[in-house]
Amino acid sequence: MDKDHVNHTPGTDFPWRFADVTIDPALPGRPDFRLLPRLDDLQFLLVLEGSLELRTAASQMQMRAGEAVFINRGTVHDLVPAGRCRYRSFTFPEHFLTFYEGSPAKAFVERVTRAADIPFIHFTGHEPWHSRIVVRLEMLAETERLSTEFHDYEILSGLTGLWLDMIRMTEVPAHSAGSGEGNERMGRMLAFIDAHCAEEITPENLATAAGVTEAECVKCFRRATGTTPGRYLTEFRLAKAAELLSETDMPVARVGEAVGIGSPSHFGRCFREKTGHTPREWRQLFGRK
C-alpha cells in the first residue's frame, strides 16, 4: 500500500485526515494486515482506479472507479481491493458539521450519524445528486493539494456543503434489526480482542462478550471479514506484534508473549508466514531509526 499523500492531525484542534492511497499487489512493499477499523469519526471514500469492496457486519458492496461512499461513525468495516486500486479517503469528526453546542445543525447531522441502519451510503452516479457528491469530494481533494492559508476554513465549508447535499436526498429508514445490531455485535467482539489480546481467547469468549451464540459469532466474522474468528485473531496479534517491533525495543520473545503467542518458535513461524520476514528482520527494516 502506498499513501501518496496523508495529512494526519488527530492531536490538534483540526483533526482532519486526508489520504490518497494506491494499492498494487504487483509492487513490493511493507505487508499490510487485514484488520477491521471501527471509526468514531465520519469517512468518505472516492475510488479513482480499479474497484474496492466494502464489507460491513451485515453486507458487502462493490465500488468502481468514479463511485464514492459515506461510512457512518462506528461502522465496523473492511476494504478489499480487486487488484490494483487507487482511492481517496476523507475522515473527520462529527463536530466539524455541528458548528457549536446547541446549534440547530446538530439535528441534521445526527439524523444520519445516530441511524444504526445507515452503516454506509453508496454513491454510484446513477442519480444526478450522486454526481454532486463526487464533485464535492474532488473539490476537497483539490483544496488539500493547494493547501492555501485558508485551507482549514475551506475544508469546513466544503464538508458542510457536501453534508447538506447528502442529507437532502437521504431517507432515514424506520428502525429495524439487522445492520445496526450486527455492527454493534462486531464492535463488542473487536473491543474484547483488543482488550484481551495477550490472553487465550476462544469463540465462546467472543460470543459471550457480544451476547450471541458461538454460531452467530462465527457468522458475524465470516460476513464482515470472510474468515473465522480464530484466523482474524491471529491476524490481529501479528499486526500488534509488527507495531511493537517497529515502535519499541521490547525483546522479540516478549513481543510474542505480549500479543498472546507465547512460544518463540511458533511466533517466529507465524510472523514469517504472514510478512515474509522474521521478527528481527522486520525490526531492522521497519523499526525506529
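This is a predicted model: local features need pLDDT of at least 70, side-chain atom pairs count only at pLDDT 80 or more; totals for chains, interfaces and linings use all residues.
Residues are numbered from 1 along each chain as its sequence is written, and side-chain values use heavy atoms, with hydrogens and water left out.

**The whole chain**
- The protein chain has ten helices and nine strands; these are DSSP runs numbered from the N terminus, with helices being H or I of at least four residues and strands being E of at least two.
- Of its 289 residues, 47% count as buried. Buried means under 20% relative accessible area, exposed means over 50%, and partly exposed is in between, using a 1.4 Å probe and protein chains only.
- Take the contacts between residues at least 6 apart in sequence: 69% of them join residues at least 24 apart.

**More on E94**
- You'll find E94 in the loop between strand 8 (85-92) and helix 1.
- E94 counts as buried because its relative accessible area is 13%.
- The side chains of E94 and R114 are joined by a polar contact of 3.0 Å. A polar contact is a pair of N or O atoms within 3.5 Å; within protein, one must be able to donate a hydrogen and the other to accept it, and residues adjacent in sequence count only if both atoms are side-chain atoms.

**Helix 1 meets helix 3**
- Two packed helices are described by the angle between their axes and the distance between the axes.
- Here, the axes of helix 1 (residues 105-113) and helix 3 (residues 151-169) come within 11 Å and cross at roughly 60 degrees. Axes are lines fitted to C-alpha atoms, for helices over the stretch in contact, and angles run from 0 to 180 degrees between N-to-C directions.
- On the helix 1 side, the contact is made by F108, V109, V112 and T113, and on the helix 3 side by W163, M166 and I167.
- Sorted by type, the residues of this contact are six nonpolar, one polar and no charged. Ala, Val, Leu, Ile, Met, Phe, Trp, Tyr, Cys and Pro count as nonpolar, Asp, Glu, Lys and Arg as charged, and the others, Gly among them, as polar.

- Three strands make an open sheet in the order 5-4-7, with antiparallel pairing; two strands pair if DSSP finds at least two bridges between them.
- Strand 5 (60-64) and strand 7 (77-81) are the edge strands, each pairing on one side only.
- Neighbouring strands in this sheet are turned by 20 degrees against each other on average, direction ignored.
- Helix 6 (residues 214-225) packs on the sheet and touches strand 4, strand 5 and strand 7, and its direction makes about 160 degrees with that of strand 4.
- Strand 4 (residues 51-56) is joined to strand 5 by five bridges, and the two form a hairpin with three residues between them. In strand 5, Q62 is the bridge partner of E53.
- Strand 4 also pairs with strand 7 in the antiparallel sense, over five bridges. In strand 7, H77 is the bridge partner of T56.

**Inside strand 4**
- In a regular strand the side chains alternate between the two faces of the sheet.
- From strand 4, S51, E53 and R55 point one way while L52, L54 and T56 point the other way, and all are buried.

**Loop residues to look up**
- Most residues other than glycine have a negative phi, and most peptide bonds are trans.
- F99 isn't a glycine, yet it has a positive phi of about 70 degrees. F99 sits in the loop between strand 8 and helix 1, and it counts as exposed because its relative accessibility is 53%.
- S147 isn't a glycine either, and its phi is positive at about 45 degrees. S147 lies in the loop between helix 2 (128-146) and helix 3, and is partly exposed, with a relative accessible area of 46%.
- D32 belongs to the loop between strand 2 (17-23) and strand 3 (42-49), and at 40% relative accessibility it counts as partly exposed.
- D32 and T275 are 243 residues apart along the chain, while their C-alpha atoms are separated by 8.4 Å.

Technical notes:
Contact means heavy atoms within 4.5 Å.
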